[in-house]
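Please read it with the sequence and the coordinates at hand.

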Amino acid sequence: MTAIKHALQRDIFTPNDERLLSIVNVCKAGKKKRNCFLCATVTTERPVQVNVVKVKKSDKGDFYKRQTAWALRDLAVVDAKDAVKENPEFDLHFDKVYKWVASSTVEKNTFISCIWKLNQRYLRKKIDFINVSSQLLEESVPSGENQSVAGGDEEAVDEYQELNAREEQDIEIMMEGCEYAISNAEAFAEKLSRELQVLDGANIQSIMASEKQVNILMKLLDEALKEVDQIELKLSSYEEMLQSVKEQMDQISESNHLIHLSNTNNVKLLSEIEFLVNHMDLAKGHIKALQEGDLTSSRGIEACTNAADALLQCMNVALHPGHDMLHAVKQQQQRFSDLREQFARRLASHLNSVFVQQGHDQSSTLAQHSVELTLPNHHPFHRDLLRYAKLMEWLKNTDYGKYEGLTKNYMDYLSRLYEREIKDFFEVAKIKMTGTTREGKKFATLPRKESAVKQETESLHGSSGKLTGSTSSLNKLSVQSSGNRRSQSSSLLDMGNMSASDLDVADRTKFDKIFEQVLSELEPLCLAEQDFISKFFKLQQHQSTSGTTTNEVEEMDGVALSRSYTSAVQQTISSEKDMIRQMMTKIFRCIEPELNNLIALGDKIDSFNSLYMLVKMSHHVWTAQNVDPASFLSTTLGNVLVTVKRNFDKCISNQMKQMDEVKISKKSKVGILPFVAEFEEFAALAESIFKNAERRGDLDKAYIKLIRAVFISVEKVANESQKTPRDVVMMENFHHIFATLSRLKISCLEAEKKEAKQKYTDHLQSYVIYSLGQPLEKLNHFFEGVEARVAQGIREEEVSYQLAFNKQELRKVIKEYPGKEVKKGLDNLYKKVDKHLCEEENLLQVVWHSMQDEFIRQYKHFEGLIARCYPGSGITMEFTIQDILDYCSSIAQSH
């Protein structure tokens, strides 16, 4: 290492006027070992600069090169890693932290010691040396004339010793006193030597003269030691005295502690006794109320309620640890348990008696409601029982077994009571429904064969014979002439001048009122009972109530409870709501089947009653769901609504089935098909029923199904018709459908209305063209030949030169159609059209006007051909357009 140091001094630092004071062989921590040297250097010129230089061996040779230099004044921290154990690692904190690993711990310690000395001599700044042994750091740096170079080794001291400022000043004064000092150095040195000898002699004499004073000082020191010994003896005696006092004070302190401990125990014992007496002592009045209290009077019930609450508080008091081991506490707890059991048994027995009595008392009032469509009012019974609500809550918290037994008994007694009331109520409703609907008109039949009536009745079982669903319409199924249908309708009149349709409407209106009254009576009955159950049995009822309770439970005295406790409370609330539903289901178990029976009866009376029931039931379900979507009433009405919806769908399906099975008469004209007229009646009735209804969507879907079935059935009947042309059947019925949809303005059937209009227009045009045909047949054949020649390439003005189509032939054909013949042909056509069309739709004039227009169009076509092919011939028809108009008008007026 010495050779490397001399080499570095010679090659690197001497050319830069620097002296190398310390060197350490290092490599970077955590990387591949590429050794380099850290050098501590000082400059030879003033002011002195202290640096730490990194020197690295060149890759291209054996010489060294200077790589990095840091000023010592920039050094902040020197971290030796461990001050006790030997560790070659150390860190230097300049602008960043440089981590090094020295080749040996000795080199690291020498380098750190040199850094410390250089800092003390030249910088005097605060450099933190951490994890460095105190032995490496000198306490101070001597500042005399013989002060050596800090951090230098022995060789550096021999080579050079720097003078401080005072030494330089003394030498200058001496040299000024000896003018020859510069010219004769030896004489100056000899003079200095002589003066030094004089000074040494003076020092020795001074030391010898001070020996007497040293002896006096030694005597004084001996006397001081004796005084110290005396003081120590006195202090020892004082210490023995204090030790005795200390023992006495300890005894007094221990005695005071025992007295304080006894007082504290007495206070705690008194507090515990007061706690037990205050919280576990039940007043004699409360005990008497629990044992003998009157449970029939309001005052007695209130006293029993207060006593039961006091007993519950005593039983639920939070005892301190160890209280349950006291014999008196055990006796008091047993006494409370006996009182609770005795009172719970007495309360349960009394309430069971009340339930039984209520069933008997209420049965006596059923007779007065049997003739009216009303349900008995249970409010007085509920009012009387609600006086026991707090006691039921107490029983629920203290003896759940008896509470559960009371719940079951209440459900048993009340379910039988409600079952009698509700069955009687529904019997009255059925009597009111059937008493005015089973009249002669419902079973009036036409004088037809019994087998035919039976066959049609069986084929339409479930829909009562027609689209409207009334039994009186069984005789309308066969498609007959309009005259026959009118006679049938008139034969179905019953009492007075009221028609069967009017009677159907009256029956349906009455059924609607009865059904609404049934639902209006059931709804408050169920809601009142559910509200009573929730209050009397202390159960959570509505979602809003459960939400409020949860929030109240989650925050008590400003302290949030744990999630697990909140979840448990929510589960309890949910279970209590389920219990309400179960109780309501058992108590009112007969409501749903009775409602289904009533619905079946209404559907049997008239399948169109399902429309009324669907609207009413939907409204009541919607109302119940707004109050509580999970309540018994909402669930029950929802289930019944499903049945009503099925009946409604069945009614629509039966109507469609009737359309598909319809048969037409082969001997009479068709006219307006019964199911087309009945769809009009159905739509008008449905629109009046479903006005502002919640289930409008169901009706719209039914409309779509029905109208498509009507379209298909009309086309089917038109294709099968033999007496009436297909176009007439299509034209009349689609005109009727279009008029119906236009009048009712059903928004979901706008597309079908446009389709009906298009079909009516198309078949009107087709019938006109087909029926009119070629009224001037020979003339028509003649001009067809003319048009054929022109199509073959003959010019129009040259057609008259054709032998078969010359002017003479044209005049012959025209003479065959005088005005009288034309009028006669139109009159026969009018009679033919009149036979095809029905009177109900009144389309005769529309068709006749269209035929008139078509005939005029043919006439103008013939005139045009004559003008083009026979120009200048003067040939004209023997009748004019005005004559055609007069003929048509005269024919129409005559008929």
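**Charged pairs, surface and strands**

Arginine 857 and glutamate 854 both sit in helix α29 (residues 844-869), three residues apart, which is about one turn of the helix. The model is predicted. Their side chains form a salt bridge, with the closest N and O atoms 2.6 Å apart. In total, 29 salt bridges are counted.

- Arginine 857 is partly exposed, because its relative accessible area is 48%, a value between the 20% and 50% cut-offs.
- Glutamate 854 is buried, because its relative accessible area is 10%, and buried means under 20%.

- Arginine 66 and glutamate 18 meet through their side chains in a salt bridge of 3.0 Å, N to O.
- Arginine 66 belongs to strand β4 (residues 64-71) and glutamate 18 to strand β1 (residues 18-28), so this pair ties together parts that are 48 residues apart in sequence.
- Arginine 66 has a relative accessible area of 33% and is therefore partly exposed.
- Glutamate 18 counts as buried, because its relative accessibility is 5%.
- As background, side chains of opposite charge can pair when their charged atoms come close.

**Salt-bridge network**

- Which residues are linked in a network of salt bridges? They are Glu341, Arg345, Asp399 and Lys402.
- One of the salt bridges is formed by the side chains of lysine 402 and aspartate 399, at 3.2 Å, N to O.
- Lysine 402 is partly exposed, because its relative accessible area is 21%.
- Aspartate 399 has a relative accessible area of 15%, so this residue is buried.

**Histidine 736**

- Histidine 736 is located in helix α24 (residues 726-744).
- Is histidine 736 buried or exposed? Histidine 736 counts as buried, because its relative accessibility is 16%.
- The side chain of histidine 736 makes a polar contact of 2.7 Å with the side chain of glutamate 680.

**Nonpolar surface patch**

- A nonpolar patch on the surface is formed by Val214, Ile216, Leu217, Met218, Leu220 and Leu221.
- Together these residues have about 560 Å² of accessible area.
- Leucine 221, one of the patch residues, is placed in helix α6 (residues 211-279).
- Leucine 221 counts as partly exposed, because its relative accessibility is 44%.

- Strand β5 (residues 77-79) and strand β6 (residues 89-93) run antiparallel and are joined by three bridges.
- Aspartate 79 stands opposite aspartate 91, which is in β6.
- How many bridges join β6 to strand β7 (residues 97-102)? There are five bridges, and these two strands run antiparallel.
- Histidine 93 stands opposite valine 97, which is in β7.
- The link from β6 to β7 is a hairpin of three residues.
- As background, the side chains in a regular strand alternate between the two faces of the sheet.

Terms used: Residues are numbered from 1 along each chain as its sequence is written. This is a predicted model: local features need pLDDT of at least 70, side-chain atom pairs count only at pLDDT 80 or more; totals for chains, interfaces and linings use all residues. Side-chain values use heavy atoms; hydrogens and water are left out. Helices (H or I, at least four residues) and strands (E, at least two) are DSSP runs, numbered from the N terminus. Buried means under 20% relative accessible area, exposed over 50%, partly exposed in between (1.4 Å probe, protein chains only). A polar contact is a pair of N or O atoms within 3.5 Å; within protein, one must be able to donate a hydrogen and the other to accept it, and residues adjacent in sequence count only if both atoms are side-chain atoms. A salt bridge is a side-chain nitrogen of Lys or Arg within 4 Å of a carboxyl oxygen of Asp or Glu. Patches are made of residues with over 30% relative accessible area and no salt bridge: like charges are joined within 9 Å, nonpolar side chains (Val, Leu, Ile, Met, Phe, Trp, Tyr) within 5 Å. Accessible areas come from the Shrake-Rupley method with a 1.4 Å probe; for residues, only the protein chains shown count as cover. Two strands pair if DSSP finds at least two bridges between them.
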